Structures are given as C-alpha cells and as structure tokens.
Amino acid sequence: MLLRRTLVILASALTQAFVKLAFVALTLVTLDAPMTQAQQANDQARGLGGDPERGRVVFRSVGYCVSCHGWAGDGKSGTNLQAPVGPNLRETELDTEALREVIGCGRPGTPMPYHDRAAYRDGRCFGMELSDFVPGTAPERGKTFSDRDVANVVAYLQTYVIGLGEATYAECAEFYDNPDAYVCSSLQ
Ligand code: HEC
C-alpha cells in the first residue's frame, strides 16, 4: 500500500517535472521564433516599403476609411452619409511620415480617428496621453492597426490614391475587385 502511494507520488512528481521542462523548452522555442518574425515585420514597416495590395484591404474593410473618405479617397465617392466627411486624399500633400502620423495618431479635435495600437499611451503621438486632453476633446479612436497595417495603408494611398484626378470606373472595379459593383455603375 505504502509502496504504491510512494510510486504514485513519484510518478506525479516526474510528470510535473516533465511538464515544466516541456513548457520551458516550448517557451524558449516560441520566444525565439516569433521575436525574429516580429522584428522583421517591424523593420519592414519602418522602411519605406509597405504593401499597397494589403493596404487596400485595410482601407476598404479593416479600417472603415471608406465611410468617411469614400472608396476613391476623394471624400465623396461612396461615403457613408451618416459619417463625417473626410477630405479628398487624392489632393493631399502629406509625405510618408506625415501620412503615418495622421493615420496613427488621428487629428485631435477632428473626426479623423487614431489607429496606432500605442497612440496616446507612450508619448509617440505629439507627446500626449489620453488623460492630457480636457474631457470631450480626446481624439477619436479607430480600429487598432499594427505598424505594418499603417505602412501598408500608406503604401496603398501613395500607389492608388494620392495625385490621381477624378475617380474612374476602372479604378472602382479594381477597388471592389468586381466589374459589376453597384457603386461603380454610375461611373460607367
Ligand atoms: C470618422 C471619419 C473618418 C474615418 C473613419 C477616417 N478618416 Fe481620415 N480624416 C477624416 C477627417 C474629417 C479628416 C480631416 C481632419 C482635419 O480636419 O484636419 C481626415 C484626415 C485624413 C488624412 C489627412 C489628409 C490631409 O491632407 O491632411 C489622411 C491621410 C486620412 N484622413 C486617412 C485616413 C485613413 C487611411 C483612414 C482609415 C484607416 C481614415 N482616414 C479614416 C475623417 C475620417
């Protein structure tokens, strides 16, 4: 009886030790791999190269940019009538840094929301934290983006929006990836 109990205790101690060891090994492996991956993503986002095609998805669906700026970014084509109207991004003169800032930090005092996951938490946005704003004047909060999402949506704007004139049917069909999109019919 005693022997059996000792054996059971011993077995359970061994199992626990094994689980701990496995956990440590797993942590070491996972810590190692994703850190280098995250590092790569960050480096890529910090460099000038975002991916415009991924950025289109952010602009079109993830970020709700379309509701205020319209699919064409011109502040009119297909904007949500309930949402505040955003300016025509086709005519913006902002450079890469300024675009990242306005998308990451928003424009306090206007409906343009912030998207950076750490905006107004660590001083990266104008050195301000949310608690520094008088109640009622805090910047609007949008969807939360990674650095890479921000870089991608900036690349999208620079490739497919900024500097282009009036929106065309071809652009619309490409944007929605659908030549029969209802929104595009008026441009045909
Ligand atoms: C709720 C409405 C709203 C949403 C959603 C929104 N914006 Fe804006 N955006 C605005 C408004 C309004 C302004 C003008 C702010 C001002 O008065 O300075 C603006 C300004 C900007 C500007 C600066 C333009 C310039 O030349 O100064 C950029 C770039 C921009 N938005 C991009 C985006 C992107 C990209 C998204 C989606 C991730 C987005 N916006 C989502 C309303 C919105």
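Around the ligand there are 25 residues, and the closest are G63, C65, C68, T92 and M112. A residue counts as near a molecule if its C-beta atom, placed from the backbone, lies within 6 Å of it. Two elements, α3 (65–69) and α4 (96–105), each give two or more residues to this shell. With 4 residues, α3 gives the most. Helices (H or I, at least four residues) and strands (E, at least two) are DSSP runs, numbered from the N terminus.

By type, the shell holds 16 nonpolar residues, 8 polar ones and 1 charged one. Here Ala, Val, Leu, Ile, Met, Phe, Trp, Tyr, Cys and Pro count as nonpolar, Asp, Glu, Lys and Arg as charged, and the others, Gly among them, as polar.

A note on the source: this is a predicted model, in which local features need pLDDT of at least 70, side-chain atom pairs count only at pLDDT 80 or more, and totals for chains, interfaces and linings use all residues. Residues are numbered from 1 along each chain as its sequence is written.

| Residue | Phi | Place |

Most residues other than glycine have a negative phi. F126 counts as partly exposed because it has 13 C-beta neighbours inside 10 Å, whereas D177 is exposed, with 9 other C-beta atoms within 10 Å. The cut-offs are 20 or more other C-beta atoms within 10 Å for buried, 12 or fewer for exposed, and in between for partly exposed, with C-beta atoms placed from the backbone. The C-alpha atom of F126 is 8.3 Å from that of C105, a residue 21 residues apart from F126 along the chain.
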